[in-house]
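Here's a quick briefing on one protein model. Have a look at the structure first, then work through the points below.

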Amino acid sequence: MEPERLRRRLGTAFRVRGLLLRAEAIKYLTEALQSLSEVELEDVIEKVIDAVEKQPLSTNMIELSTVEAAVQECSQALDETIENVFNIIGAFDVPCYVYNSERKRFLPLSMTNLPAPNLFGSARDKAAVFRERYSILQQRIHRHELFTPAAVVVHPDDSRSKFQLKTIETLLGNTSKVGEVIVLGMITQLKEGKYFLEDPTGVVQLDLSKAQFHSGLYTESCFVLAEGWYEDEVFHVNAFGFPPTEPSATTRAFYGNINFFGGPSSASVKASAKLKQLEDENEDAMFVFLSDVWLDQAEVLEKLHMMFSGYSSAPPTCFFFCGNFSSAPYGKNQIQSLKGSLKALADIICEYPSIHKSSRFVFIPGPEDPGPGSILPRPPLAENITEEFRQLVPFSVFTTNPCRIQYCTQEIIIFREDLVNKMCRNCVRFPSSNMDIPNHFVKTILSQGHLTPLPLYVSPVYWAYDYSLRVYPLPDMLVIADKYDPFTVTNTDCLCINPGSFPRSGFSFKVFYPSNKTVEDSKLQGL
């Protein structure tokens, strides 16, 4: 394309996005993109502007250095390396994105004026915990077809099927009765026995005497869509529902290829055709998930022996061992005995050279393993405990709880917590059909977009790291290792599994095949 025409086109494309290019930046871009064909050009300009907007900009005047960095990032993205095939991402390495309601997009923390996260959070961090959860759900709901008003109402009846969200502030400002409204808010119990609905604009008391609860586990501190009428400073609830879930493909279509998940890739791995091809071709890939691997129990070690012996002819890609790693996690000798137990496991693995050479081992600590209390996210087991094991089994990783796994284009979140019982105990009203707790549970987690939709006194979280517990956009698979009975549930294109407690459930575990996204229930029968 002629340089002059290309300059005009670049200037227009940047102006449409509210950006202005300095003369030297336009000159550099014109030279860099001159060799491209008309078909490629549109796409490349879009990618360059996206890369520019990702950088911390103090003004809308774009300098040469910013454009150079953006072009470099785009050329790196094309050159995918084999490093992106399998990555373990600790909770403290998850990228932090903050939703900006004015720009209607997620901005990396570096582009905001907020401080870097700190374990010893400030009061601002605590206030932001629930405010961020609210803003993520609110933007998701406004995109849902039921809450999106049509641009042109073709027929008067069409507009009636749409709902409009109100804030609590609009209710409190009314002295007369307000009928049939829907409010997004968080259930709280500010006075004993009395429930309130809270959002960033205010708090209103609830009357739940006639409330119907849709499916799900409605706990304190979870966000709900409450439908009802308001009179005399009380919101009388007719029905409670959860915010609708959104498939990850819809989220990505809206926000582009931002890598929300983490890992070395600059853009989301979902967009990579190379990785997708690798994933489809590698049909032998296999992940094995076990929870409550009590390494101090002779019977558990015996069953692991049996399992390794069965898999030695076709070693799995990775074994995921979730804690607790001790059946009696207390006493002054706990750390010493855990070291000994890990040494015993390493000796068993070394007996099977094919598994020792080919398989990876990932260890996720449990709530009662040695560590700094029950606050989430939990750091890995201390290095002095795992040092000997890591020397004997070099392909082993001790990671955080929760953690994230990226395999080719698939995203997996693993979380070890006895969450089902906690959530059932803290329900505002227990579901009438207790037969189907796993479905209620999975719907709750995915609707809330968070791993622990519970009050902070029930499930404490490092305030500044609450974002690492987000389940948004939805992963391909969510593994919640819980002592509850094993289950496999699919909801909104997200596969949710619980391998169950290995010793308590008759030595059952789960096997996942990424190439066709299937899960197999497995059990070690007594031989």
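The second largest pocket holds about 900 Å³ of space. To find pockets, a 1 Å grid is laid over the protein atoms alone: a pocket is an open set of points where a 1.4 Å probe fits, with protein on both sides within 12 Å along at least five of seven lines, and lining residues have an atom within 4 Å of a point. The volume is the space filled by probe spheres set on the points, which are joined across faces, edges and corners.

Keep in mind that this is a predicted model: local features need pLDDT of at least 70, side-chain atom pairs count only at pLDDT 80 or more, and totals for chains, interfaces and linings use all residues. Residues are numbered from 1 along each chain as its sequence is written, and side-chain values use heavy atoms, leaving out hydrogens and water.

**The pocket**
- Its lining has 45 residues, and Val98, Tyr99, Asn100, Glu132 and Ser135 lie nearest the centre.
- Strand E4 (97–100), helix H5 (123–143) and helix H7 (248–255) are the elements that give two or more residues to this lining; helices (H or I, at least four residues) and strands (E, at least two) are DSSP runs, numbered from the N terminus.
- H5 gives the most, with 15 residues.
- The lining splits into 22 nonpolar, 14 polar and nine charged residues; Ala, Val, Leu, Ile, Met, Phe, Trp, Tyr, Cys and Pro count as nonpolar, Asp, Glu, Lys and Arg as charged, and the others, Gly among them, as polar.

**The sheet**
- Six strands form an open sheet with mixed pairing, in the order E3-E18-E19-E21-E23-E22; two strands pair if DSSP finds at least two bridges between them.
- Strands E3 (86–90) and E22 (487–491) are the edges, each pairing on one side only.
- Strands E18 (residues 403–407) and E19 (residues 410–416) run antiparallel, joined by five bridges.
- In that pair, Arg404 stands opposite Ile413 in E19.

- Most residues other than glycine have a negative phi, and most peptide bonds are trans.
- The peptide bond from Gly323 to Asn324 is cis, with omega near 5°, and Asn324 is found in the loop between strand E15 (318–322) and helix H10 (334–350).
- Another cis bond runs from Tyr472 to Pro473, with omega near -10°.
- Thr492 isn't a glycine, yet has a positive phi of about 50°; Thr492 lies in the loop between E22 and E23.
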